[in-house]
Amino acid sequence: MKLSPSVSIEHTETGLEFINIESDLCDAKIFLQGGQITQFTPKGKQPLIWVSGNETFSEGMSIRGGIPICWPWFGTHANAGWPAHGFARTSLWQADEVNETEECITVSLKLPMKLVNTEYWPHQSALKVEFVLSDSLEVRLTTTNLDDTAFSYTQALHTYFPTSDITNTHVDGLQGAQYIEFAEGPFTQQAVVGFERETDMVYTQAAPIQYINTPEGVIKVGRANSSSCVLWNPWIEKSKRLSNFADDEYKTMLCLEAANVLDDAVTLAPQQSHTLVTSIEWA
Ligand SMILES: O=P(O)(O)OC[C@H]1O[C@H](O)[C@H](O)[C@@H](O)[C@@H]1O
């Protein structure tokens, strides 16, 4: 079904619905499950986000790649058995608006709060994600407190980036930030970050722009309303334990995730909103 000249609704063979964008500006796919973008390729350029070749696009399962939305908690929850990275990434979102101009295409989705398990999230709230697509991608995740008491949450836009060679990939712009690694730290990031082992760093007080240097070119990654970010590559042993991930795929991806975690967690008073933003483009 066509929504605008370049935007249509399509389905995978497994029945998952996605918004397909094929325009003069870019090609992209946005799944209603998880509100998750899984492809973004500016016209005439290399893809800017990565999805596993082993991805099965199964109902109710997080898609391995793209930009999973981790909300309203990042990582594992203190309550055993609660879903890792929250429930938003496996929930079915609803298309809200599509707007196409010569400059950009905007797609926004909402998470229907009526369907959320109130044991996980007892607060009255609204959650919306907007994708602004041109030769760059901006993702804006807005939480609004509709309750009469304050609540706090953590979150991340967990972007998977492609590289043809992780050992020849570096992240510039984290120098000077503090990081926690495997529950130790904080340490101060001294140099540009390379990859030669499992990497799972949570940075705080991080600058708003990083550059990922890959053999294919330099990816500029921006954040707004976020002073924390996460850098992840599972490396050899963890790759074998991940769902929908081939053993050697750690060589061709990395995650740099715009976040609000640790002392950057968000607290919203009644009627307040917060928008976490990430932007991605070839530099
Ligand atoms: O396997 P998932 O639940 O998608 O999590 C994938 C990864 O997400 C983040 O980057 C965390 O920092 C990692 O510790 C975790 O392994």
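Analyst: **Paired strands and what surrounds them**

Strand 10 (residues 137–145) and strand 23 (residues 273–282) run antiparallel and are joined by eight bridges. Strands here are DSSP runs of E with at least two residues, just as helices are runs of H or I with at least four, and both are numbered from the N terminus; two strands count as paired if DSSP finds at least two bridges between them. Within this pairing, Glu138 has Ser279 of strand 23 opposite it. The model is a predicted one, in which local features need pLDDT of at least 70 and side-chain atom pairs count only at pLDDT 80 or more, while totals for chains, interfaces and linings use all residues. Residue numbers start from 1 along each chain as its sequence is written.

These two strands belong to an open sheet of eight strands, whose order is 7-8-9-10-23-19-18-14 and whose pairing is antiparallel. At its edges are strand 7 (94–100) and strand 14 (170–172), each of which pairs on one side only. From one strand to the next the twist averages 15°, where the axes are lines fitted to C-alpha atoms (for helices, over the stretch in contact) and angles run from 0 to 180 degrees between N-to-C directions. As a general point, strands of a sheet pair through backbone hydrogen bonds, either parallel or antiparallel.

Glu97 lies in strand 7, and it counts as exposed because it has 12 C-beta neighbours inside 10 Å; a residue is exposed with 12 or fewer other C-beta atoms (placed from the backbone) within 10 Å of its own, buried with 20 or more, and partly exposed in between. The C-alpha atom of Glu97 is separated by 9.4 Å from that of Lys110, although the two residues are 13 apart along the chain. Gln210, by contrast, sits in strand 18 (residues 209–214) and is buried, because 24 other C-beta atoms lie within 10 Å. Leaving aside neighbours within four places in sequence, Gln210 is in contact with Val171, Asp172, Gly173, Leu174, Val221 and Leu256, contact meaning C-beta atoms, placed from the backbone, within 7 Å.

Leu133 touches Ile21, Leu25, Cys26, Ala28, Phe40, Cys104 and Ile105, when residues up to four places away in sequence are not counted. In soluble globular proteins, nonpolar side chains tend to be buried together.

At the start of the chain there are further pairings. Strand 1 (residues 2–4) and strand 2 (residues 7–11) pair in the antiparallel sense over two bridges, with Ser4 opposite Val7, and these two strands form a hairpin with two residues between them. Strand 2 is in turn joined to strand 3 (residues 17–22) by five bridges, again running antiparallel, and Glu17 in strand 3 is the bridge partner of His11. Five residues lie between strand 2 and strand 3 in their hairpin, where Gly15 takes a positive phi near 95°.

Some backbone details deserve a careful look as well. Trp71 and Pro72 are joined by a cis peptide bond with omega about 0°, and Pro72 lies in the loop between strand 6 (69–70) and strand 7. That loop between strand 6 and strand 7 also holds His85, which has a positive phi of about 65° although it is not a glycine, and which is buried because 22 other C-beta atoms lie within 10 Å. Ala183, in the loop between strand 15 (178–181) and strand 16, likewise has a positive phi of about 65° without being a glycine, but Ala183 counts as exposed because it has 7 C-beta neighbours inside 10 Å. A cis peptide bond also runs from Gly185 to Pro186, with omega near 10°, and Pro186 is found in strand 16 (residues 184–188).

Conventions: Contact = placed C-beta atoms within 7 Å.
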